[in-house]
Amino acid sequence: MHFALIAAVLTGLTAAAPASLAGTHVLHEKRNGLPVAWKHHSRADRSIVLPVRIGLKQRNLEHGNSFLEDVSDPDSPNFGQHWSAEKVANTFAPLKETSDKTIEWLVASGIGSDRLKHSVGRNWVEFTATVDEAEHLFDTEYHLYQHKESGGYRVACDQYGLPASVRKHVDFVMPTVQLDGLRPVSQTRPAALAPIPITGLTGLKNCSTLITIECLRAIYGIPVGQYNHSGNELGIAEWADYLYLPDLKTFFENFTSPKIPSNVTPEFISIDGGKPSNLTVAQAEEVVESALDFQTSYSIIWPQGIRLYQNGDSVNVDSVGTFNIFLDALDGSYCTYEGGDQPYIDPAYPDPNEGGYTGPLQCGGAPVSNVFSVSYGQIEGALPRFYQERQCHEWMKLALQGVSVIYASGDSGVANRYNSGYNNSCLDSEYSYVETYGARFSPSFPVNCPYITAVGATTLLNDSIFGGEQAVNDPDGLLSFYSGGGFSNIFERPSWQEAAVSNYLDKYSPNYTESVFNHSGRGFPDVSALGLNLATVWLGKTYGVGGTSASAPIFASIVTLLNEERLQQGKGPIGFLNPTIYKHPEMFNDVTVGSNPGCGTQGFPASPGWDPVTGMGTPKYEKMREVFCSLP
């Protein structure tokens with residue numbers, strides 16, 4: 001159908017664009033190197049039809065940070081006065097001139113107006129074009145790239161340009177330089193571990209072997225949940241993993257106190273063909289991520305419930321998909337926000353693949369939780385800068401509406417990983433994503449975004465619940481991983497973090513030069529929590545599972561409990577956490593032992609105050625309650 005449409009229009013192409021409209025093309029985006037997970041295959045056939053999307057620049061994004069600080073800084077008189085979705089949409093809508101100038105150029109360049117689709121919010125322009133047309137429009141060459149592990153192909157280019165007169169109106173174009181998708185953060189595979197007896201390890205005597213809810217309550221002062229305000233359900237997003245319900249029942253019966261009824265299940269929210277939790281045992285062999293997320297969270301927040309946001313049909317998900325289909329379902333305007341989903345990064349729906357989801361892309365309609373916990377990530381160096389900036393702006397929009405977004409910081413220290421768990425992929429001097437030979441630290445996305453609260457991982461110091469914590473450091477064990485942390489090469493350090501991070505760089509940071517990490521970048525993680533030996537039932541057996549994938553739901557669950565207490569007082573949810581986190585270090589147990597090696601170095605050391613291994617430290621519930629419940 002697309003070929004027929006293109007053929008019909010090609011017979012009536014207009015003349016080449018006049019110089020006043022086209023002008024000289026200026027480089028807009030360039031990929032400095034090929035991500036290690038991909039290899040060049042061949043030149044793209046010029047007749048291939050591409051779904052082209054042009055993201056248009058929006059207004060007021062430069063003010064987004066000040067807008068957010070106004071409602072999230074604990075010293076602001078407007079703290080907690082979160083924005084409505086309508087106010088957010090109206091504030092950031094693009095200028096009419098931006099859309100008009102872009103369309104004028106396309107039409108003058110031979111893309112007939114009858115081929116163009118414009119979003120309701122006028123945030124993007126979409127059309128289909130052959131590779132030949134796209135190469136002329138964007139002054140580039142398209143190639144086929146093959147994924148080394150899956151064998152799948154993508155059409156992409158190494159760089160592209162836009163006319164100078166148009167470039168100022170355009171944020172990015174897709175498909176162009178993007179290739180990589182997202183993957184689960186957790187490195188831990190229970191199949192490599194020895195199961196632990198399912199009974200006999202509760203209480204406080206065995207916390208060095210297995211972290212249970214009793215251990216968490218003793219270490220962090222977490223109270224037993226009392227409330228379950230409607231609308232305050234914790235949101236947990238999953239992509240590749242599916243929750244195996246029989247394990248949830250077994251966990252409730254053996255590792256919750258007070259015991260959660262065995263028939264309790266999360267509210268299931270299917271996004272773009274997300275499948276319900278009715279797995280067979282064979283299918284459940286790959287679902288440890290969701291088991292860890294839900295079992296840990298339920299034990300903390302009950303009687304409050306959880307919403308399971310199951311994203312994608314598991315068919316049309318290369319590298320298990322991206323965050324954008326999740327954002328689409330939460331906010332319909334995001335489907336058209338600066339280009340919204342991006343072909344060749346984001347899965348397209350309806351899905352033509354066998355067994356795929358045949359409905360339309362979901363735009364809005366999903367309930368929005370006050371707190372989200374996500375244990376998936378991508379690699380900053382493997383994604384286009386504009387793509388990351390656009391999505392970071394969307395997290396800012398959710399924060400303006402009072403949503404706390406909690407992400408695991410990663411399990412590879414200052415390095416990163418690709419494919420099936422390779423754990424020491426770093427960057428070269430050009431910030432390209434390379435394998436073991438890069439010497440530059442490799443930050444993760446989206447924890448590099450300042451509007452995310454990133455959570456690192458700790459473990460017990462001296463195997464005692466009364467002896468403090470240290471950064472996770474298990475290089476020789478089966479769980480070999482390190483707390484992800486570092487500094488973004490894309491996002492600048494936000495004001496609310498400046499004093500804490502500058503203190504670390506001045507007093508404790510190793511003498512790494514700018515060629516190793518960006519000294520002025522956004523530092524992460526922001527906080528941390530236990531991330532080793534968390535009690536998890538998987539396929540009917542108990543394991544001590546670890547990773548920042550364990551730490552993130554612990555912290556998100558604590559924030560959910562704090563929101564319960566604020567709602568009980570007649571107040572609203574906390575919303576964006578980070579300004580308060582950095583202004584109130586007394587809310588955290590300072591972690592000063594450990595480091596996060598990678599890229600041929602020892603990484604960063606933990607230190608007094610904030611550090612890029614454990615952030616501000618681990619939670620002290622009573623102090624957090626004192627601070628957050630005293631705010632308006």
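Q: Which cysteine pairs with Cys392, and how far apart are their sulfur atoms?

A: Here is the general idea to begin with: a disulfide is a pair of cysteine sulfur atoms within 2.5 Å. In this structure, Cys392 forms one with Cys449, with the sulfur atoms 2.1 Å apart. Keep in mind that this is a predicted model, where local features need pLDDT of at least 70, side-chain atom pairs count only at pLDDT 80 or more, and totals for chains, interfaces and linings use all residues. Residues are numbered from 1 along each chain as its sequence is written, and side-chain values use heavy atoms, leaving out hydrogens and water.

Q: Where in the chain do Cys392 and Cys449 lie?

A: Helices (H or I, at least four residues) and strands (E, at least two) are DSSP runs, numbered from the N terminus. Cys392 belongs to helix 12 (residues 385-400), while Cys449 sits in the loop between strand 19 (444-445) and strand 20 (453-460). The pair links distant parts of the chain, 57 residues apart. The torsion about its S-S bond is 80°, and the link is right-handed.

Q: How many disulfides are there in the whole structure?

A: A search finds three. One of them joins Cys426 to Cys599, with 2.1 Å from S to S. Cys426 is in the loop between strand 18 (422-425) and strand 19, and Cys599 is in the loop between strand 27 (588-589) and strand 28 (618-619), so this link ties together parts 173 residues apart in sequence. Another is formed by Cys207 and Cys215, again with sulfur atoms 2.1 Å apart.

Q: Is the disulfide of Cys207 and Cys215 left-handed or right-handed?

A: Look at the torsion about the S-S bond: here it is about -95°, so the disulfide is left-handed. The link of Cys426 and Cys599, at -105°, is left-handed as well.

Q: Are Cys207 and Cys215 buried or exposed?

A: Buried means under 20% relative accessible area, exposed over 50%, and partly exposed in between (1.4 Å probe, protein chains only). Cys207 is buried at 3%, and Cys215 is buried at 0%. Cys392 and Cys449 are both buried too, as are Cys426 and Cys599.

Q: What span does helix 14 reach from its first C-alpha to its last?

A: The expected span of a helix is 1.5 Å times one less than its number of residues. Helix 14 (residues 548-568) has 21 residues and reaches 30 Å, close to the 30 Å expected. This helix is mostly covered, with 19 of its 21 residues buried. Just after helix 14, you can find Gly570 with a positive phi of about 85°.
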